[in-house]
Amino acid sequence: MMTATKGWAFALVVIFSVLLSWSIPRGESERAFLSFSSHEPLVKAISLASADGGQDFFMEMTDSVATNIEYDFYRDTCPEAETIVSSTMAQIYSQHKNVSAQLLRLFFHDCFIQGCDASVLLDDSNGNKNHSIEKQAVPNKTLKGFEKIDQIKEVLENVCPGVVSCADILALATRDGVVLAGGPFYPLFTGRRDSARSYYDEATAEIPKPDDNITQTLHLFSLRGFTDRETVSLLGGHNIGKIGCEFIQSRLNNFKGTGKPDPTVSPSFLNEMRVFCEDNGNEKSSQGSPMAATMASPMEFPTAAPMAAPMASSPMASRGMSEKPARRGMPYFQQLSSSVSSGAGFDTHYYQSLLRGRGLLFADQQLMANERTARLVRAYASDDGSTFRMDFARAMMKMSNLNALTGSQGQVRLECTLAS
């Protein structure tokens, strides 16, 4: 009974959130359809009984998370918690437009390894500074945004000492960053607790890599309970930010150790990538994640344009005239080809790029190598972005609940880098 009541309450929150997002003047519809052949009414959309044969989403959500995670968990202990996170994120975003991509990447790397427990933020493991930590794992070495989480944590500690977990801060700040970058709002459960342990070995082995094939990528996501559809929608997070050149280099000259370029890249697109990323033949490590490593954290946004158009200037204009920046990258929102439509950060340009064989990462372009995922790419690219946005919001809600620590599990850190 409690589960059913909770599910309906959460469903009402989502309905309100969807209606609220419709009221934002973005020039696009937020209606979702569940089959790719026809639109569905909002009531049916809210059930999200997807083409993958999933159960009712909200019953699935409430059945799969601990009872101590709930909507507005801090309503009594720190009622301003979510407002503080969102207002602080707005201040940060006004000065650092790249924070949205940084936190999206950081959140993915945290949740993908042992769940959303803020273990990726730790500077030691169980207080042992001699133990290798997730930050030191190769896929995590280019993560950014740690200081932004620390900044939000400091504000919350001044208001509600020892109450709000770093895991919740990361989840909420990531959601708010997505919205600030023009993405969809999605409600979140709160009440996660923080891990005292960091998982170096797991982070090294289990973060998807930018040169993984489609079978490897789908397998790693499926181990976390994600369907093909959810995986393809999550990879659409590449819509914001840039892909660091270190994750592209191997495709240009030494693909999978062959000493040759990736044969699947057209000569013209290969030349365009080389213009951006060739660095006197020196290659950097390409070990990262096809979702998270490409979420732009290695590189800054080329402009400080507000919300919906952070990528609107020409990528060519962002390059120095006589001096190459220390770290460079390419956005999926690019004006290198007139065949790639312009648009806001969270529209269909990522999927349109894949349809044209212009995936910046091998793992991204591999979505077209599997008929099931290719059909999803075509579907997401075929409308105004509303299907992708709804699916992305749903998948992020699911991601945020992976193996959350609750109740007496874990702890609430006073500093996000240190176990209590």
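## Buried or exposed: the ground rules

A residue counts as buried when its relative accessible area is under 20%, exposed when that area is over 50%, and partly exposed in between, using a 1.4 Å probe and protein chains only. Take Asn403: its relative accessible area is 57%, so Asn403 is exposed. Asn403 sits in the segment after H16, and its phi is positive, near 45°, even though the residue is something other than glycine.

Before going on, know that this is a predicted model, where local features need pLDDT of at least 70 and side-chain atom pairs count only at pLDDT 80 or more, while totals for chains, interfaces and linings use all residues. Residues are numbered from 1 along each chain as its sequence is written, and side-chain values use heavy atoms, leaving out hydrogens and water.

## The whole protein

You're looking at 16 helices and four strands. Both are DSSP runs numbered from the N terminus: helices are H or I with at least four residues, strands are E with at least two. Of the 420 residues, 57% count as buried.

Now for contacts, meaning heavy atoms within 4.5 Å. Take the contacts between residues at least 6 apart in sequence: 77% of them join residues at least 24 apart.

Helix H4 covers residues 81-95. The expected span of a helix is 1.5 Å times one less than its number of residues, so the 15 residues of H4 should span 21 Å, and the 22 Å between its end C-alpha atoms agrees with that.

Which residues of H4 are buried? They are Ala81, Ile84, Val85, Thr88, Met89, Ile92 and Tyr93. Looking down the axis of H4, these buried residues fall within an arc of 160°, so they line one face of the helix. (The arc is that of the directions from the helix axis to the C-beta atoms.) Here's the general idea: an α-helix has 3.6 residues a turn, so residues three or four places apart point the same way. The buried residues of H4 pack against helices H5 (99-112), H6 (146-159) and H7 (166-180).

## H5 and what comes after

H5 has 14 residues and reaches 20 Å from its first C-alpha to its last, close to the expected 20 Å. As 14 of its 14 residues are buried, H5 is largely enclosed by the rest of the structure.

After H5 comes Gln114, with a positive phi near 65°. Ala118, in the loop between H5 and H6, also isn't a glycine, yet has a positive phi of about 60°. With 0% relative accessibility, Ala118 counts as buried.

## H10 and its two partners

Helix axes are lines fitted to C-alpha atoms over the stretch in contact, and angles run from 0 to 180 degrees between N-to-C directions. Angles under 35 degrees count as roughly parallel, over 145 as roughly antiparallel, 65 to 115 as roughly perpendicular and the rest as oblique.

H9 (residues 214-222) and H10 pack at about 105°, with axes 10 Å apart. That makes H9 roughly perpendicular to H10. Thr217, Leu218 and Phe221 of H9 make the contact with Asp228, Thr231 and Leu234 of H10.

H10 (residues 228-235) also crosses H16 (residues 386-399) at roughly 105°, and their axes come within 8 Å. So H10 is roughly perpendicular to H16. On the H10 side, Arg229, Glu230, Ser233 and Leu234 take part, meeting H16 residues including Phe388, Asp391 and Met399.
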